[in-house]
Amino acid sequence: MKFCYYPGCTLRTKAKQLDIYARKCLEKLGVDFEEIKEWQCCGAVYPVSKDEVATKLSAVRTLASAKEQGGKLLTLCSACHHVLKRVNCDMKNDANIRLKANNYLALDEEYVGETDVVHFLELLRDYVGFDKIKEAVVNPLKGQKIGAYYGCLLLRPSETLAFDNPENPRIIEDFISAIGATPVNYAFKNECCGAYVSTTQQDLAVKKSHKVTDSAKAAGAEKLVTACPLCMYNLTENGNGEVPVYYFTELLAEALGVKE
Amino acid sequence: MQKIGVFVCWCGSNIAATVDVKKVAEVLKAEPGVVISENYQYMCSENGQALIRNAIKEHGLTGIVVCSCSPRMHEATFRKTAESAGLNPYMVEIANIREQCSWIHKDIEEATEKAIILGRSAIAKLKLNAPLTSGESAVVKRALVIGGGIAGIQSALDIAEAGYEVDIVESAPTIGGNMAKLDKTFPTLDCAACILTPKMVDCAQNENIDIMTFSEIESVKGFVGNFKVQIRRKARFVDEKKCTGCGVCMQKCPSKKGKNEFNMGLNNRPAIYIPFAQAIPNVAIIDPEQCLKLKNGKCGLCAMQCQVNAIDYTQKDEIIEREYGAIVVATGYKPISLENFNEYGYDTYKDVVTSLELERLMNAAGPSDGHLVRPSDHKEPKVITFIQCVGSRDTSGCGKPYCSKICCMYTAKHAMLIREKYPNTEVHVFYIDVRTPGKNYDEFFRRAVEQYGVDYIKGMVGKVYEENGKLMVQGSDLINNEQVVIPSDLVVLAAAIEPNPSVRKIATMVTASIDTNNFLTEAHAKLRPVESPTAGIFLSGVCQGPKDIPETVSQASACAAKVVGLLSKDKLKCNACVSHSDEMLCTGCSVCANVCPYGAITYVDKEFRIGGGKTELRRVASVNEAVCQGCGACTVACPSGAMDLKGFSNKQIMAEVDAICKR
């Protein structure tokens, strides 16, 4: 099975670790992947206006490229995954968006939502399998108490994202167990970090990120893992500073023995 | 040649607003065989029926077509009309131009054309109708009530009071149902046990009532007036006739880790137990999952202690068969599972409880003897937060789309009782809407707010989490337009209610229909609310839809009145539209008998002349007309076309189809 790897803009700038370690892990795990050709920005924010088309076009272009390259679209950044998956859903189910997007893009072949959008964590769970990962681990992170931080974008809206139970997810906990560490459950693992409000109303973002980091600390977490560059920024810059935050790919690379 | 009368009903404006009824009557008058065609505002009214009667007599009609509402509504009415004018009731055909035409179309021209086509189709069928006479069958004068909660108890008592025998079959070891678990009841706050247990005793003492607890319905055969029911009496390992309910066995039992079902699992009970002090029957039962003797053969203490030798470790399930004239379904409800509501932390935090669990925590016979303490540390809670609509009015797919109806009132009751007994306790209630229609209900709710100072917050809760030993309830206050977090000691979830899961199986067995939420469907939502569309099946209590105790009791009594009405008849007219087999075509293949849900088809060996003075013996199907319900399954299944249904013959149906397709 082939995967078309979509890094997205942030992974080339602020979130290089998320990208670098992901590729190393894919190679180590023997996953067949190639980068999407001439990829561009996902659109960054999913527009909530029902009739908005223009800002969805770049996502459609990426989705159509994956279809052309004949693989599933593999994402890493929570925000990219969120936008791509929701736009794909529109292309499948919303005749108005589908018609207008295809009219704009005039692709060789009409795109009607054929591509499967798979997040890296879903790849680990559903295509590689956490059992297989456990076997591939050479450097288990024994004794480390790690809290999973999901944020909002991977889980909601749950019918569309269909990622995990939106109120009590466990995929990252299962991932943490697979790499030999101990997952720490805490109440705010699926609450918002503050997101973009950080740029306009930092005190609110501070409040939100503190809630998350305080709750994780109180539950005994020594570090947090996330898949989202924006969550990483908020929890690090606006959190309590007592719980370091890592990208999940970095810990996976460490466990698989491919971290430099 | 038949002389057919056509009668087109306006149904006020229900039909006439969308269908040009005069034109329909005019066009149909030109159909061959039609001698009179009339239209009238309300054909089902006395005047409308008189119009039909007079026309039958005046024109010597041999059959009539009524273009009106669904035959489910008024076929019986017009058959009676025809009969009273001397016409065979099966020479009546209904063209449904309301539900299947006027109600679903907007364009008058199109609807009128369709009404004419439906009328033609009914005329085409009527031309092939033959007069039918229905047989009679005797009525077994005994009723079965499935479920022994307050609904089943009330139905059984009323039927028994009218002089008929009635059996209650209850799956739990005691009757009493959910109501037995309640502390007090709204809106009068009288104690549930004080008003329920005397009724339970009445059941036990009534000579006409036979109670079978820890029993399940295994199979149901037959039809209205003549049901044959197999009942599985599950092994309780205690002889019900010998046990005196002294309770010594419970004290001596060394295995005390069974979850106490009656207390919602809030404490434990021994492996041998009596569900609660007022259980009916007051007889012990052994839980085979917990009993050391049954699990590994070691123990036997209870048998040694029992003075009357009631313990029987070798007891097996027993299946008994009984006959009934009517069946009451009173299977009740259960609170929904909260697995889809992780945000409230029910599985995570011990002090998040359901309302039914709170009933037990407040009940004098409950695990804490009525002293309200929280389950985690047995301390008195100082701040209690209620969350309403947990899974009710939920369109997300996690819960139920309907309103569970009882939660607003019982939450107000809980809040009031707590403020009354523990005035220093702070009580908050999160709600979407407070719905309190009912006699003295809104007054009751207002008392909770105004007199008892319960803090009602309009808004839903997003999350319950623990912080510094407190349960933090995070929600929105829509009236003050702010986010609130209430540090609480106890959180109570008003979980939605759903029909008891056993109802699906029972509905299948008695061929009663259920809706998408598994509630049993009534024959008519307004006019026949306690009957199932399946004859002889009656609905009592929450199995039909959410309702509180006063409503349940009313419905249970209404249901009993319907059952008594049925049982008071000595004979019932059978369905005349039964199937029959053309012996010359039948090959005796058994396909029809295999698909018949009523067991109406048997096979006989018959001699047939085959020419040349010779005969041969052939196996052919024979239909018992008293048992056949005319469902038509056999006519569809029969590979040689030998099976046909009177009143709905293959020829008649093809004639209808031809009439519809003909332009």
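I began with the criterion for pairing, under which two strands count as paired if DSSP finds at least two bridges between them. The model is a predicted one, and I kept that in mind throughout.

Entry one. I looked at strand E22 (residues 426-431) of chain B and found that E22(B) is joined to strand E23 (residues 455-458) of chain B by four bridges, the two running parallel. Within this pairing, Val429(B) has Tyr456(B) as its bridge partner.

Entry two. I turned to strand E21 (residues 383-390) of chain B, which runs parallel to E22(B) and is joined to it by five bridges, with Ile384(B) opposite Val427(B).

Is E22(B) enclosed or open? Five of its six residues are buried, so E22(B) is largely enclosed by the rest of the structure.

Entry four. I moved to the open sheet of chain B, where four strands lie in the order E2-E1-E3-E4 with parallel pairing. Strands E2 (34-40) and E4 (92-96) of chain B stand at the edges with a single partner strand each, so one side of each has no neighbour in the sheet. The twist from one strand to the next averages 15°.

Terms used. Residues are numbered from 1 along each chain as its sequence is written. Chains are lettered from A and ligands numbered from 1 in the order in which they are written. This is a predicted model: local features need pLDDT of at least 70, side-chain atom pairs count only at pLDDT 80 or more; totals for chains, interfaces and linings use all residues. A residue is buried if 20 or more other C-beta atoms lie within 10 Å of its own, exposed if 12 or fewer, and partly exposed in between; C-beta atoms are placed from the backbone. Axes are lines fitted to C-alpha atoms, for helices over the stretch in contact, and angles run from 0 to 180 degrees between N-to-C directions.
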